[in-house]
Amino acid sequence: MNSRRMLSTIAAATIGAALLAGCAAGPGAGTLEAPPSVADESYRGLPNTAGDASDDAGGGGSGAPLDDGLTTGEPSARWVERPGRFAITVFGSSSCPAVPTAMEASASDRVTVSFETDSSGECTADMAATTHEFTVPSEASALPLTIVIDGDPPLELVLD
């Protein structure tokens, strides 16, 4: 297994564990509010794009097909409107989806997005796709654009 794929697998497992930990809290664990989202738009399912697979990043690599994350449950990124808008698709409980809570341009070619789990109610033990669309910050105008999903370890997805 190459190091990029291994990093992607570890990051996906970390995000999945965080999602499941949030879901394990369940009812009676306190009343948590859903964290505020920094995404322009969020919806269940895959990105609403007509771009081709060469504009995708799935499982940590550039040019991977959009459905790469579907078979592995790994986060993926895709241009919605190149180079102004991108989408990140994450997988987890459909009733307690991961919510993007912070986004920053950490360099002219790098955007970091942080996620938290929405565990404000009972969480189902399913694995559903949730897509979040973002406007690229004006400070990040260089291509290719690296999308970093903050975690331990962070997951890097490159959009050409």
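**Exercise 1.** What percentage of the 160 residues of the chain count as buried?

*Solution.* The model is predicted, and in it 44% of the 160 residues count as buried.

**Exercise 2.** Determine which elements make up the chain and in what order they run.

*Solution.* The secondary structure comes to 2 helices and 10 strands, and from the N terminus on these elements follow the order α-β-β-β-α-β-β-β-β-β-β-β. Turning to contacts between residues at least 6 apart in sequence, one finds that 69% of them join residues at least 24 apart.

**Exercise 3.** Work out which residues the salt bridges of R85 involve, and where the partners lie.

*Solution.* Begin with D40, whose side chain meets that of R85 in a salt bridge at 2.8 Å, N to O. D40 sits in the loop between helix 1 and strand 1, whereas R85 belongs to strand 5, so the pair ties together parts that are 45 residues apart in sequence. Next, R85 also forms a salt bridge with E133, with 2.6 Å between the closest N and O atoms; E133 lies in strand 8, 48 residues apart from R85. The burial step uses the cut-off of under 20% relative accessible area: R85, at 17%, is buried, and E133, at 4%, is buried, while D40, at 45%, counts as partly exposed.

**Exercise 4.** Identify the salt-bridge partner of E156 and the strands that the pair links.

*Solution.* E156 pairs with R110, the closest N and O atoms being 3.0 Å apart, and this links strand 10, which holds E156, with strand 7, which holds R110. E156 is partly exposed at 32% relative accessibility, and R110 is partly exposed at 25%.

Methods:
Residues numbered from 1 in each chain as written. Predicted model: local features only at pLDDT ≥ 70, side-chain atom pairs only at ≥ 80, totals over all residues. Heavy atoms only, no water. Helix = DSSP H or I, 4+ residues; strand = E, 2+ residues; numbered from the N terminus. Buried < 20%, exposed > 50% of the residue type's maximum accessible area, 1.4 Å probe, protein only. Contact = heavy atoms within 4.5 Å. Salt bridge = Lys/Arg side-chain N within 4 Å of Asp/Glu carboxyl O.
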